[in-house]
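Q: I am new to this structure and would like to learn how to read it. Please take me through its features in turn.

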Amino acid sequence: MFRSIKDLYRLENDYLAPFAVHAECGGKRRFPEKEHPFRTAFQRDRDRILHSKAFRRLEYKTQVFLSGTGDHLRNRLTHTIEVAAITRTIARALRLNEDLAEAIALAHDLGHTPYGHAGERALHELMADQGGFDHNLQALRIVDFLEIKYPDYDGINLTWEVRCGLMKHREDGPELDGVKLPPQCSLEAQAADLADDLTYYGHDADDGLDCGLLNSKQMEELEIWREALETARKKDPSVSGPRLEAYAIRCLIDNMVGNAIRTSAEMLQAYNPSSPEDVLYLDRPLITFSEEYTRKTQELKAFLYKNLYFGEALKGLNEMSHVRLSYLYRKIMEHPELMGCSAEKRIATSGICRAAADYVAGMTDRFASKEYERLRNMEE
Ligand code: MG
């Protein structure tokens with residue numbers, strides 16, 4: 001006898017906190033569907049995301065380093081898997097809905113352009129008079145319209161809760177399906193958001209050290225790194241060199257996750273929400289680092305921006321990405337037939353600019369580079 005959906009609801013009732021989103025009480029979709037016999041709505045969403053083309057393309061998209069430049073470096077797929085794992089750890093520790101939090105984490109970077117942030121910036125500039133380009137909103141466009149899988153509608157028809165979780169920026173009071181969203185996201189979305197930040201702080205420092213763009217000595221200007229080294233040396237004072245650095249990265253991530261869980265547990269106790277709705281109109285998120293750790297992680301973030309993302313070594317890469325994406329976008333605006341027919345069809349509903357942006361944003365680094373070379377060669 002298999003575990004039925006009713007059993008799953010009962011299990012959720014037993015182990016989830018009252019402020020967690022319960023699958024039984026949510027899971028509304030744009031196109032209503034019958035309950036699945038043995039998966040909750042959020043478990044189905046996670047599977048739909050995993051089986052999407054956009055998810056598979058993450059493997060060939062830049063996280064920080066251009067896709068394919070190093071066998072050990074992260075790409076957007078490995079980043080996403082790490083975010084999902086840390087999101088689940090935080091959600092489980094706080095008795096939140098792990099399936100919902102994981103689905104949001106797995107989808108959170110689907111909307112990224114090729115060539116990482118340089119690519120996004122280029123596309124945002126090119127789309128300036130069309131409302132710009134934002135990878136969070138693009139993730140929503142992908143799951144709502146661009147993935148084609150079902151016979152009777154476009155998109156993969158995810159639940160309201162996952163779609164809301166993808167709309168990160170709340171200051172300007174965005175709307176979803178004509179409904180103005182509250183200032184805060186669900187705790188599950190907050191967990192995925194914080195996990196995203198701390199994951200990339202940790203693994204970008206790791207990748208930076210691994211490929212020699214950062215060195216541990218230089219990182220010692222950061223309190224959070226000195227702390228991580230101290231934790232690592234406590235474990236084994238004789239360890240040094242790359243082994244010490246690798247273990248210190250592990251300690252850095254563990255320290256950040258530990259701080260996030262402990263602080264969030266204190267916040268939940270202090271605010272004492274009795275339902276998932278109770279957190280939506282608070283003046284702050286409850287899944288958070290302590291004030292001290294917020295400061296320390298901000299220092300690390302600023303350090304990574306200065307020395308890694310926009311440091312001298314990646315400058316050429318950033319410029320190249322800009323040139324290539326601008327070229328591809330303009331070329332497609334001139335020759336929309338380059339997109340192929342399913343993308344070209346979207347011109348009728350979305351306009352040429354948005355259809356071209358959807359097409360360019362969906363490219364992997366690999367495809368964008370090949371297409372750039374091919375079109376340039378044709379010109380010569
Ligand atoms: Mg991310």
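This is a predicted model: local features need pLDDT of at least 70, side-chain atom pairs count only at pLDDT 80 or more; totals for chains, interfaces and linings use all residues.

Q: With which residue does arginine 295 form a salt bridge?

A: Side chains of opposite charge can pair when their charged atoms come close. The rule used here asks for a side-chain nitrogen of Lys or Arg within 4 Å of a carboxyl oxygen of Asp or Glu. Arginine 295 pairs in this way with glutamate 299, and their closest N and O atoms are 3.3 Å apart. Glutamate 299 is partly exposed, at 31% relative accessibility.

Q: Where do arginine 295 and glutamate 299 lie?

A: An α-helix has 3.6 residues a turn, so residues three or four places apart point the same way. Helices (H or I, at least four residues) and strands (E, at least two) are DSSP runs, numbered from the N terminus. Both arginine 295 and glutamate 299 belong to helix α13 (residues 291-309), where they are four residues apart, about one turn of the helix.

Q: How many salt bridges does the rule give?

A: The count is 31 salt bridges. One of them joins the side chains of glutamate 33 and arginine 44, at 3.5 Å from N to O. Glutamate 33 is in the loop between α1 (5-15) and α2 (41-50) and arginine 44 is in helix α2, so this pair ties together parts that are 11 residues apart in sequence. Glutamate 33 is partly exposed, with a relative accessible area of 30%, whereas arginine 44 is buried at 13%.

Q: Which residue meets arginine 88 in a salt bridge?

A: The partner of arginine 88 is aspartate 99, at 3.9 Å from N to O. Arginine 88 lies in helix α4 (residues 76-93) and aspartate 99 in helix α5 (residues 98-107), so the bridge ties together parts that are 11 residues apart in sequence. Aspartate 99 is buried, at 7% relative accessibility.

Q: Which residues coordinate the magnesium ion?

A: Donors are N, O and S atoms within 2.8 Å of the metal (3.2 Å for Na, K and Ca); water is not among the atoms, so sites may look incomplete. Here the magnesium ion is coordinated by His79 (NE2), His108 (NE2), Asp109 (OD) and Asp196 (OD), at 2.2 to 2.6 Å. Along the chain these donors follow the spacing H-x28-H-D-x86-D. Histidine 108 is in the loop between α5 and α6 (116-126) and aspartate 196 is in helix α9 (residues 187-210), so the pair ties together parts that are 88 residues apart in sequence. Histidine 108 and aspartate 196 are both buried.

Q: At what angle do α4 and helix α12 pack?

A: Two packed helices are described by the angle between their axes and the distance between the axes. Axes are lines fitted to C-alpha atoms, for helices over the stretch in contact, and angles run from 0 to 180 degrees between N-to-C directions. For α4 and helix α12 (residues 241-271) the angle is about 35°, and the axes are 10 Å apart. Contact (heavy atoms within 4.5 Å) is made by Ile86, Thr89, Ile90 and Ala93 of α4 with Ile253, Val257 and Ile261 of α12.

Q: Where is histidine 112 found?

A: Histidine 112 is in the loop between α5 and α6. Its relative accessible area is 1%, and histidine 112 is buried. Leaving aside neighbours within four places in sequence, the contacts of histidine 112 are Lys61, Arg76, His117, Glu120, His135 and Ala361.

Q: Against which helices do the buried residues of α6 pack?

A: They pack against α4, α7 (135-146), α14 (312-334) and α17 (352-362). The buried residues of α6 are Gly116, Ala118, Gly119, Glu120, Ala122, Leu123 and Leu126.

Notes:
Residues are numbered from 1 along each chain as its sequence is written. Side-chain values use heavy atoms; hydrogens and water are left out. Buried means under 20% relative accessible area, exposed over 50%, partly exposed in between (1.4 Å probe, protein chains only).
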